[in-house]
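Here are my notes on the structure you sent.

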There are 2 protein chains.
Amino acid sequence: VTEPLVWLNGSLADAAHAHVAVNDRGFTLADGVFETVRASARQPLWLADHLARLRDGAALLGIPVPFDDAAIEAGLRALLAATGFTDAALRVTLTRGEAAQRGLWPPGEPVRPTLLAIVAALPPAHPVRAIVAASTCRNERSPLAGIKSLNVGDHILARREAHARGADEAILLNTAGRTACASVANVFANIDGAWCTPPVSDGALPGIARLRLLRRARIDERSISAAELRRAVAIVTTNSLRCASVVALDGVPLADLASELGVEALYE
Amino acid sequence: VTEPLVWLNGSLADAAHAHVAVNDRGFTLADGVFETVRASARQPLWLADHLARLRDGAALLGIPVPFDDAAIEAGLRALLAATGFTDAALRVTLTRGEAAQRGLWPPGEPVRPTLLAIVAALPPAHPVRAIVAASTCRNERSPLAGIKSLNVGDHILARREAHARGADEAILLNTAGRTACASVANVFANIDGAWCTPPVSDGALPGIARLRLLRRARIDERSISAAELRRAVAIVTTNSLRCASVVALDGVPLADLASELGVEALYE
């Protein structure tokens, strides 16, 4: 790794001197979307899927994406090359950008989106101790649950609760008390001898690893009540960076059956 | 008005050169709270209430407020004096600040909060045409509904829907289909001859103007179903900047009964 750089609005920039405006609507109103992309051996993984999801989210919010996929890919590759990361976590953030006027939705506002990519080392794998979050829930009734919105406040609350309770990760229920997803991952549970995962309509993040795993392994996509989740003998989480076995849920030990799912091979 | 300035982390700064870091958790994760404060004749209105609410929200999120109330008030007054605004909308934003590491909740992360105040002219009063938002709902089950969180994505979706349908404002229902609040205001409805407003437990923003009005006028604080809301003969919205009469809901004209509530006098 040579020096901290970011890719901001189409150019590589020194991270220490790259900023966003104080009236960027990403900062003031969480008005944007993001993607977290794994890079292995300097190759962004599943990038077409990530950019398609970014565009879906941007379309829902009415934010134009200011670069085509090839330009974004070139930017991410330039960022990886210039920083020297090989196995990395890229984060792409798109916001509605700098506001000309105050307010939630000023009339006639021109849109000047902000597109930022940052990079960091791929976080190490570690065993995950999870809780079922009691402090908050995921609103599966909001269209924001179907995109990677910047509005992750409930996930932060859930994760704070997990750490306060001596755990690493929180599984959020939805407003109906059904399993939705973990704070930064999708959830696969082995219940009554079968693997299952919540549908997006229950508030599951539309995860890219999730969808790829659903296509490869025998997994029922179905609603999972909180009571069923607590009956699981094994739980695996996936996101675009890696998979993990949950070693305990609310302090109750779980089995490591991740190899049954073949989930490690997903990232190869 | 002389020149665009902001108050950032304790100092007045030229707006054109004031920035936030690209890894500020307000920008990347909506990890913060805000207040919108009216200033009349250069005096911030209800400032003690606003700062108390800011501290409540910061406490829920575990973000230290880096200045005491007197220092924040002095900063806001300096901002008003230096910019020359007399009747203004101040916006105070507090975030968990610049992250040292990537991720939703990195372990052992030091907190260096960002506190920003910006100022703009008080927006003019205008008649409000409202819709009942069909595109999304407010999650009254989240603790975020009880604070002024940066996670206002659902309100942006609702407001976009309002403008697409030829209106100015959206009233959000909660996950149970009951009235919560408007996108930037609380809602008071005259139904069956009596004024009522939804409780905070139904997802009403804990509005400062709302609370002050509840103490002055005969208003029932009670759940309001969507069907009841559509039966209202008059609807008034309040926020910390001003009150407004809703002239039509979903295109159906309403009466202007704001004077019954004495709501204008609130801001004097």
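1. Terms and source. Helices (H or I, at least four residues) and strands (E, at least two) are DSSP runs, numbered from the N terminus. The model is predicted: local features need pLDDT of at least 70, side-chain atom pairs count only at pLDDT 80 or more, and totals for chains, interfaces and linings use all residues. Residues are numbered from 1 along each chain as its sequence is written, chains are lettered from A and ligands numbered from 1 in the order in which they are written, and side-chain values use heavy atoms, with hydrogens and water left out.

2. Ile118(B). This residue lies in strand E7 (residues 114-121) of chain B. Leaving aside residues up to four places away in sequence, Ile118(B) touches Val22(A) from the other chain, together with Val6(B), Leu79(B), Ala89(B), Leu90(B) and Arg91(B). Contact here means heavy atoms within 4.5 Å. From Ile118(B) to Thr95(B) the separation is 23 residues in sequence and 14 Å in space, C-alpha to C-alpha.

3. Extent of the interface. Chain A and chain B each give 57 residues to the contact. About 4,500 Å² is buried between the two chains, 68% of it on carbon and sulfur atoms. Buried area is the accessible area (1.4 Å probe) that two parts lose on being put together, summed over both.

4. Polar pairs across the interface. There are 19 residue pairs in polar contact between chain A and chain B, both residues being at pLDDT 80 or more. A polar contact is a pair of N or O atoms within 3.5 Å; within protein, one must be able to donate a hydrogen and the other to accept it, and residues adjacent in sequence count only if both atoms are side-chain atoms. Salt bridges between chain A and chain B number 0; the term means a side-chain nitrogen of Lys or Arg within 4 Å of a carboxyl oxygen of Asp or Glu.

5. Elements giving two or more residues to the side that touches chain B include helix H2 (47-61), strand E6 (88-95) and helix H4 (153-164) of chain A. H4(A) supplies the largest share, 8 residues. By class, this side of chain A has 28 nonpolar, 18 polar and 11 charged residues. Ala, Val, Leu, Ile, Met, Phe, Trp, Tyr, Cys and Pro count as nonpolar, Asp, Glu, Lys and Arg as charged, and the others, Gly among them, as polar.

6. E3(A) is joined to strand E3 (residues 19-21) of chain B by 3 bridges, and the two run antiparallel. Ala21(A) has His19(B) as its bridge partner. Two strands pair if DSSP finds at least two bridges between them.

7. Sheet in chain A. Six strands form an open sheet in the order E2-E1-E7-E6-E4-E5, with antiparallel pairing. Its edge strands, E2 (11-14) and E5 (43-44) of chain A, each pair on one side only. Between E6(A) and E7(A) there are 8 bridges, and Ala88(A) is partnered with Ala121(A).

8. Hairpin in chain B. Strands E9 (residues 169-173) and E10 (residues 179-182) of chain B run antiparallel, joined by 3 bridges. Leu173(B) stands opposite Thr179(B). The hairpin has 5 residues between its strands, and Gly177(B) takes a positive phi near 85 degrees.

9. Salt bridges overall. In one salt bridge, Arg53(A) pairs with Glu35(A), with the closest N and O atoms 2.7 Å apart. This pair links distant parts of the chain, helix H2 and strand E4 (residues 32-40) of chain A, 18 residues apart.
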